[in-house]
Amino acid sequence: MPSGTPESAVSLSYRDAVRAALHQALSEDPRVFLMGEDVGRYGGSYAVSKGLLETFGPERIRDTPLSESAFVGAGIGAALAGLRPIVEIMTVNFSLLALDQIVNNAATLSHMSGGQLNVPLVIRLATGAGRQLGAQHSHSLEGWYAHVPGLRIAVPSTLDDARFMLAAALALPDPVLLFEHLYLYNMEGTLTEGLARVDLEHAAIRRSGRDLTLISYGWSLHKCLAAARSLAAEGIEAEVLDLRTLRPLDDAAIMASVRHTRRVLIVDEGWRSGSLAAEIAMRITEQAFYELDAPVTRLCTAEVPIPYARHLEEAALPSAAGIVAAARALLRPAGGS
Amino acid sequence: MNASAAALTREHGLRLLGAMLRIRGFEDRCYQLYGQMKIRGFLHLCNGEEAIAVGAMQEFGPEDAIVATYREHGHALARGIPMDRVMAELYGKQSGCSRGRGGSMHLFDASRRFYGGHAIVGGGLPVAVGIALAQKLRAERALTACFFGDGAVAEGEFHESLNLAALWRLPVLFVCENNLYAMGTALERAQAEPDISAKAAAYRIGAAVVDGMDVLAVQAAVAQAARTVRTESVPILLEMRTYRFRAHSMFDPQLYRGRAEVEAWQKRDPIITLSARLRALGVLQESDLAQLQRDCEAELDAAVQFAEHSAWEPVSDLERFVYAERHT
């Protein structure tokens, strides 16, 4: 970007926004370094870190062998010893090879040491389906990770969050997993003028409405926004709540919106059984049951390994059309007015 | 420090002997306390393996980092974590070195760079690699000593970690405590190549086999290896051949090994052999041994009293430390 031009004046992609966030973090804090598979010479599997090697050198843009457990564990160790590593796991699918380090070490060391140690580690992972990559490259396991105390789980779903969530994550003394939906990397737009930071505590209303609340994150958030535009054309005003952090969940924001609209549809790319959607629905039941005008509903991914064929993959995932239909059903139940 | 037998002084010999007696005494006391249900959970005692922790720790300074396994009482004590804090941890008390949240398998002391206490076999190795990476990036002349058992050699994390440490030239001293059994599975029943030290060559890592029952041999090998690790910033693998005299844990009838084998190794008890060597050198009197044992018993009694009289963490603090309480 030419110097002197406000960042907000330039159209950029989500990928560019994450890269700018990395550039800023590496520039501002000598303790920060990036490591992962093909983050250096290759430029990142999704081209997120392209060009950073030339600027920051191989010590700080560190290519790793295909050893997820070792390099995630190395990130934990480096964080314990005072550095601020950013570990890129190419996709959430590969993070299963590092599950021992993430769940048994990163999440436990602070508590298990009686607060003597902390793990200020940021792990970035591409997540989600929608690119016809088949079952082993299409998982949405952020809800799994959100089950684990000791981890913080956040999802940048907008350009602003892609640009500024990393700094917020690095400022925390705890392990933070940032899930970047692979479908969003090409999303283009501009940053909010004057914005310089975001927090990692609050959900955000991305569209206001009075008739129902759509709760979502990631690519599904954008399906919700598209659905809300369609619904508006038929006179239904949907509020769209972007969760932003999946652990901890912003209960206050969820309940405030629920009390306002009294109807809820949760849209979650995870599988339905044991899903984050189930957790949110239960919290609403516990905290706002008597505010509801209708049962809490949800739209999740069909309970199949994500198939390759386009029509099957589309049928498996939540869609804008499906959200519209579910919203209509919520507002105008069959047999109702 | 050079610890060759020829240069063995009375002072040094007594220090090593005292340190091993202290660990042996601690483990035996833990065994009793477990029977009295003062200590619960899993308890893995290191009787027979004391020479490794004691010999190795002589060569590490406060700037070095230690990563150990779930059989780590000896390492914690040899590193200098006060015995009363370790005992209190086994009791689950607030004054324990992990505030009662870790237990026997998860001893920590950040001030002494003692990074656990890891109970997933092999799980500590990648962490050690990362600590060493930080040491290297900050140009410290420190090293990270990573202790693990022969069982860990079967884990992918062992191979990934050796490769990464060698590839990036990191100052990790990998110390394999080969006691011949991964719980109840003998090494040759688990490894197509049971020579653990030979595996280092695949990663172009220097390795040596050390008599882990001989504290002087351990110290000498670690001294030499640590010098190379520090000056050349490369990992080294030391395979310590050792044997645990007690069961794997408190729930192990030891069906997988014979009495004769145990007795043969007990003849090589590192405390007995060092005592004999010191006697032969004429620097150990029976009164010295008695004094060391009295000191050890006194420290143990005090540690047990400390643990007995320490407070329990209030249940209202259950959820503390899940996330860091101070921003760093």
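Here are a few exercises with worked solutions on this predicted model.

**Exercise 1. An enclosed strand**

Work out whether strand E10 (residues 212–216) of chain A is enclosed or open, and why.

*Solution.* Start with the burial cut-off: a residue is buried if 20 or more other C-beta atoms lie within 10 Å of its own. Next, go along E10(A) and take one face at a time. Leu212(A), Leu214(A) and Ser216(A) are buried on one side, and Thr213(A) and Ile215(A) are buried on the other. Both faces are therefore covered, and with five of the five residues buried, E10(A) is largely enclosed by the rest of the structure.

**Exercise 2. The partners of E10(A)**

Find which strands pair with E10(A), and in what sense.

*Solution.* Let's take one partner at a time. E10(A) pairs with strand E11 (residues 238–242) of chain A in the parallel sense, over five bridges. Within this pair, Thr213(A) has Glu239(A) as its bridge partner. To get from E10(A) to E11(A), the chain passes through helix H9 (residues 219–233) of chain A, making a right-handed β-α-β crossover. Now turn to strand E13 (residues 264–271) of chain A, which runs parallel to E10(A) and is joined to it by three bridges. Here Ile215(A) stands opposite Ile266(A).

**Exercise 3. A sheet in chain B**

For a closer look at one pair, strand E1 (residues 65–69) of chain B meets E2(B) over three bridges, and Thr69(B) has His118(B) as its bridge partner.

**Exercise 4. The nonpolar core**

Identify which residues have the most contacts inside the largest nonpolar core.

*Solution.* This core has 203 residues, and the ones to pick out are Leu214(A), Ala327(A) and Leu173(B). Its largest share, 10 residues, comes from H8(B). Now follow Ala327(A): the residues it touches include Leu212(A), Ala227(A) and Leu265(A).

Definitions and conventions
Residues numbered from 1 in each chain as written. Chains lettered and ligands numbered in written order. Predicted model: local features only at pLDDT ≥ 70, side-chain atom pairs only at ≥ 80, totals over all residues. Buried ≥ 20, exposed ≤ 12 C-beta atoms within 10 Å, placed from the backbone. Helix = DSSP H or I, 4+ residues; strand = E, 2+ residues; numbered from the N terminus. Pairing = 2+ DSSP bridges. Right-handed = clockwise from strand over helix to strand, strands pointing away. Core = buried A, V, L, I, M, F, W, Y, C linked by C-beta atoms within 7 Å. Contact = placed C-beta atoms within 7 Å. Lists of a residue's contacts leave out its neighbours within four places in sequence.
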